Amino acid sequence: MTNNHEYTIALAGNPNTGKSTLFNVLTGLRQHTGNWPGKTVVHAEGFFTYKDEQYRIIDLPGTYSLYSNSADEEVARDFIIFAKPDVTLVVLDATALERNLNLALQVLEMTDRVIVCLNLMDEAKKKGIIIDIAKLSKKLGVPVVPISARNKEGIDELLETIARMVHGEIQTKPTKISYSRTIEEKIAKLLPLVKEVIGDEYPARWIALRLLDGDTSLLHALQSQPHHLLKGGAHYGCHCSAKSI
Amino acid sequence: MDATVPPNPFDELLKEAQHLSGDDTREQIVSAIFQTSQAICKETVTYTKQEKLHETEKLDRIFTSKIWGFPIMLAMLAVVIYITIAGANVPSSLLAEFFGWLEGYITLAFEKMHAPEWLYGILVLGLYRGTTWVVSVMLPPMAIFFPIFALLENYGYLPRVAFNMDRLFKKSGAHGKQSLTMAMGFGCNAAAIMSTRIIESPRERMLAILTNNFVPCNGRWPTLILLASLFMAAGYTGGWKTLMTASVVVAMVVFGIVVTLTVSWVLSKTALRGVPTHYTLELPPYRRPKIWDTIVRSTLDKSVYVLKRAVTVAAPAGVLTWVLANIHIGDTTVLAYIAHLLDPFARQLGLDGYILMAFILGLPANEIVLPILLMGYLSTGALTEVDGLRSLKQIFIDHGWTWLTALNMMLFSLLHYPCGTTLINIYKETKSKKWTFVAFALPTGIAIAVTFTTAHIAQWLRFI
């Protein structure tokens, strides 16, 4: 580790929303981009400096959900949960907001350090789609920045918002999805146990929800994390090391 | 195990969660999210131009129509290849002439320095000629083909290709997304193997991995285009000649797709049995690409990438080939010896020993198969100097080539084992030596079977 603190930014979003284009604009790299869902399957990493501070940016695979249906969704999910980026930038296609919001809402359940980035604003304008940015931001409870990555528009505002968020100058209040009564009751039942086993390190409500959905791969991933992070894990960890001797 | 192991808290948590979970949990979660998105959009988004919203649908009705979808696809491919062939001839010859002119001066310099014969041989006849051949033969078609391809890709046409193919893949028992990974293979098979991660089911993913090789990648396009333009339209002149050549390349691609579907179908009925999973393929909106950016980037990135790979592998291969061609065992060279050894088998496939050797030495990268072949032929001393495509064809003809040899080499190139990089990726993705071997052996078997068949049918029908 260097002395200078380095902030980590994760880029999440549906396939083909211009994440890679934005990644290239921010880092000056030239990762291949295309109008083509599934172009990025492994995450790419790049760096940039803004106002004398170092940022590391990770371009996650584009996915429609974070339910670990496939290897690329798992990559994206694990990064947001375990690497705990300082900011998760959710890139949305402004011309297909409704469909794209589904992923944003899922990310908001996982972390509160989210900036929503409305890309392809130029396209939306051409198609006569008008989006009330302020209202959207209020509804989601996180900053919303309109940009056009390929025309390099809105990048300054985006960088400024990122900088303010990593310095704790932005308070977010992510919207909470209210599920059906049965689901909410089940979450309430499971939540104490989740908190007991996992601790406060990870978003308990989200984990409870994933477990109810039968997502076992998440639990395996949690289990293989360093044990000291987990509440009550010390004992368990000792046992493991004793066994290995 | 220790008898005093405390119950694993994770297992307990999992058990509790499973106890609580119901059948329709996922459905309820998803519908709650969808409803929230819908509600938010209703309050924040307004549409002012209704007619603009349906532009993509209108275009899709043409591009993905049941009647016009496939003809348009084939026509597009033919046009792209036509432009490539028509445009590449002149710059190819110019480059070859330039390198030949430069070679004269390099030779003079070597003579002035009284450099030993073997050094001149390795550096100029092996290394220099090998690499300049790759550049002059491959750069012009790549610099035309890749940008056009990238423009179509960025415009959003490629996913429509996938959409058109989707039904066929499902019918062959594979996952519809395989059409996407296949389309990716047109660029690079090694990258396409990685992209199979978008397929959830391991069975269907394996199908996509095993058959990805049957579409020509960057490294093989130049071989196909070059051989087609040299041999496949002999009786025609001018524009007709180019059109014929383009049709042959299109036919090759179609044949590769047919093999992909057939192999998928057979595997899904035998070793990888199962029912295709349902999924919805999303079509991105058509977007006008940034034309200059796309052209510049794809020319620089892709062409230079392929060329760099070809040159870095071709340069040592050139040296190796020259050395092999100049070390004598008895009265024959090692190179001629190996080629001679492979010859009887290669003849059965309508090829010759040198071609087969080039494919074997070309395992690291498909880009270098043709250069190695040329170096092999040149090292036999048939020709001292080469300029332009005409003399290139002469080299082949001097070594007994006919249109059938060209056809079989194209078929073998299309169908044979994936390149080294792709095989490494297959191993990384499947983590199985067995399946990596299958990915090597299956296409090779098919390549041998197909070329054997064409060679023998042609002989039987006395085409040759």
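At roughly what angle do the axes of helix 5 of chain B and helix 12 of chain B cross?

1. The model is predicted: local features need pLDDT of at least 70, side-chain atom pairs count only at pLDDT 80 or more, and totals for chains, interfaces and linings use all residues. Residues are numbered from 1 along each chain as its sequence is written, and chains are lettered from A and ligands numbered from 1 in the order in which they are written.

2. The axes (lines fitted to C-alpha atoms over the stretch in contact, with angles from 0 to 180 degrees between N-to-C directions) of helix 5 (residues 69–112) and helix 12 (residues 238–269) of chain B cross at roughly 130° and come within 8 Å. The two helices of chain B are therefore oblique to each other; under 35 degrees counts as roughly parallel, over 145 as roughly antiparallel, 65 to 115 as roughly perpendicular and the rest as oblique.

3. In this contact (C-beta atoms, placed from the backbone, within 7 Å), helix 5 of chain B contributes residues including Leu74(B), Ile81(B) and Ile85(B), and helix 12 of chain B residues including Leu243(B), Ala246(B) and Val250(B).

4. Between the chains, 51 residues from chain A and 49 residues from chain B are in contact. Helix 7 of chain A gives the most to the chain A side, with seven residues.

5. Strand 6 of chain A pairs with strand 1 (residues 45–47) of chain B in the antiparallel sense over three bridges; pairing requires at least two DSSP bridges. Ile130(A) has Thr46(B) as its bridge partner in strand 1 of chain B. Helices (H or I, at least four residues) and strands (E, at least two) are DSSP runs, numbered from the N terminus.

How values were computed
Contact = placed C-beta atoms within 7 Å.
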